[in-house]
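Hi,

Here is the structure I promised to pass on.

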Amino acid sequence: MDHFEYRDGALYAENVPVADIVQRFGTPTYVYSAATLSRHYRVFDDALAGIDHDICFAVKANGNIGVLGVLADLGSGFDIVSVGELERVITAGGDPARVVFSGVGKRVDEIERALEVGIACFNVESEAELACIDALAQRMGVVAPISLRVNPDVDAQTHPYISTGLKENKFGIAIDRAEALYADAAVRAGLAPIGVDCHIGSQLTTLSPFRDAVGRVLDLIDRLAGRGIELSHIDVGGGLGVCYRDETPPTPAEYASAIADMLGDRPLKLILEPGRVLVANAGILVTRVALLKPGTAEDDKHFAVVDAAMNDLIRPALYAGWHRVVPLQMNTHGGQTRSWDIVGPICETGDFLAQGRELTLAAGDLLAVRTAGAYGFTMASNYNARPRAAEVMVVDDAMHEVRARETLADLMRGERRLPFS
Ligand SMILES: *Cc1c(COP(=O)(O)O)cnc(C)c1O
């Protein structure tokens, strides 16, 4: 459930007409609903009520300080993949002691900063990283809490670019190597092995890959316990899917109960790293139709050129992501009804937001790209020298600019001509 609804034919974000947001902030603009975000967090948290758990929101899905702040206030922890995300969490008021640090290529300075602020756990993805964290922790006179991110070799049955739990993927440590590495970690003075982690992919719409992965990880935990290595948490990663079109992903309740069943009575704390499921439907991308380019021949394509592009929302180009596109105002004019390709102005054929959508459009119309709150702005770029969009958070009947639209000066910040030319 989300709080983007039509009232008398006009799209609202909570109690604000989205057209009012456009009037004040222009287009393209990301619009988030705080009530939707809170609701999604609570539904997820409530589903886990019977289990000792910690929700660590995956910052890469949406790192806006305003978004992170709402989640921090709700009590969320955070899953980060860079020191930049760590500083975002701290700036937003998140607790570093509730941060887990994932990623295959953590740099020395990133590990040092994470040790300095005392994060909850490093999700270690290689032998080399294990040795590096040990050395840095010893040099700093601290002990680094670690878990190994194991690669359980299960097929998440999602888009290949967002599948991460197969042997051929770069992520994690092969599960059959993990036991030996835990034994190694246990005798290193700079490391405290406290947990185990896996993350098999994103936009998962069935429970079976989760069950397979968690089963394999629990077997590992049991084998380690047999060797005297007692872990206190299992981190099952993120990946629960959302409905973009007609997918029917498991509900948070179904997901939670499947995991709880598998944990049984093991005294393990459950850590989860949801990203998409918390924020995707809490955001839309609002764009204006710049002009129409209808085809003339029977089999021609009809293009609606809008002012948002693949630099604002790359999911359609990158993963064949499908987003619903809806008008801000229903049925007010005699536009042209066609099967439109909604394309941006960027010089790439892959620059489209949607293809073949039956819509009635005229130049100047405003459109909302739904389910854009996850992997939307965080993946935005300045390609074609396009300033990145504004981000606005609605709270009931108020709108708050949580990131100003970039200016042309922002675009060129730090650049200069050669000194001798
Ligand atoms: C991307 C990612 C997540 C979040 O995935 P979602 O599909 O957005 O829930 C969680 N953990 C890790 C390690 C990730 O890389």
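**What I found**

Pro28 sits in the loop between helix 1 (18-25) and strand 4 (29-33); helices (H or I, at least four residues) and strands (E, at least two) are DSSP runs numbered from the N terminus. The peptide bond joining Thr27 and Pro28 is cis, with omega at about -10°.

Before you go further: this is a predicted model, in which local features need pLDDT of at least 70 and side-chain atom pairs count only at pLDDT 80 or more, while totals for chains, interfaces and linings use all residues. Residues are numbered from 1 along each chain as its sequence is written, and side-chain values use heavy atoms, with hydrogens and water left out.

Now the start of the chain. Strand 1 (residues 4-7) and strand 2 (residues 10-13) are antiparallel, with four bridges between them; strands count as paired if DSSP finds at least two bridges. Arg7 stands opposite Ala10. The two strands make a hairpin with two residues between them, and Asp8 in that turn has a positive phi of about 50°. Strand 2 then runs antiparallel to strand 3 (residues 16-17), joined by two bridges, and Tyr12 has Pro17 as its bridge partner. This hairpin also has two residues between its strands, and Glu14, in the loop there, has a positive phi near 50° despite being a residue other than glycine. Glu14 counts as buried because its relative accessibility is 10%; the cut-offs are under 20% relative accessible area for buried, over 50% for exposed and in between for partly exposed (1.4 Å probe, protein chains only).

Side chains in a regular strand alternate between the two faces of the sheet. In strand 2, both faces are covered: Ala10 and Tyr12 are buried on one side, Leu11 and Ala13 on the other.

Asp397 lies in the loop between strand 20 (390-395) and strand 21 (398-403). Asp397 is exposed because its relative accessible area is 57%. Neighbours within four places in sequence aside, Asp397 is in contact (heavy atoms within 4.5 Å) with Asn15 and Val16. Asn384, in the loop between strand 19 (366-369) and strand 20, is another non-glycine residue with a positive phi, near 65°. Asn384 is partly exposed, at 32% relative accessible area.

On to the interior. A nonpolar core here is a set of buried Ala, Val, Leu, Ile, Met, Phe, Trp, Tyr and Cys residues joined through side-chain atoms within 4.5 Å. The largest one has 102 residues, and Phe122, Ile146, Leu148, Ile234 and Ile342 touch the most other members. Helix 8 (residues 208-226) gives the largest share, eight residues. The core lies between domain 1 (4-31 + 280-412) and domain 2 (34-276), because both give residues to it; the domain bounds come from an automatic or database assignment. A second, separate core has 18 residues, including Val16, Phe25, Val31 and Leu366.

From the backbone, a polar atom of Gly239 lies 2.8 Å from an oxygen atom of the ligand, and an N or O atom of Gly275 lies 2.9 Å from one.

Cheers

Technical notes: Polar contact = N/O pair within 3.5 Å; in protein donor to acceptor, adjacent residues only side chain to side chain.
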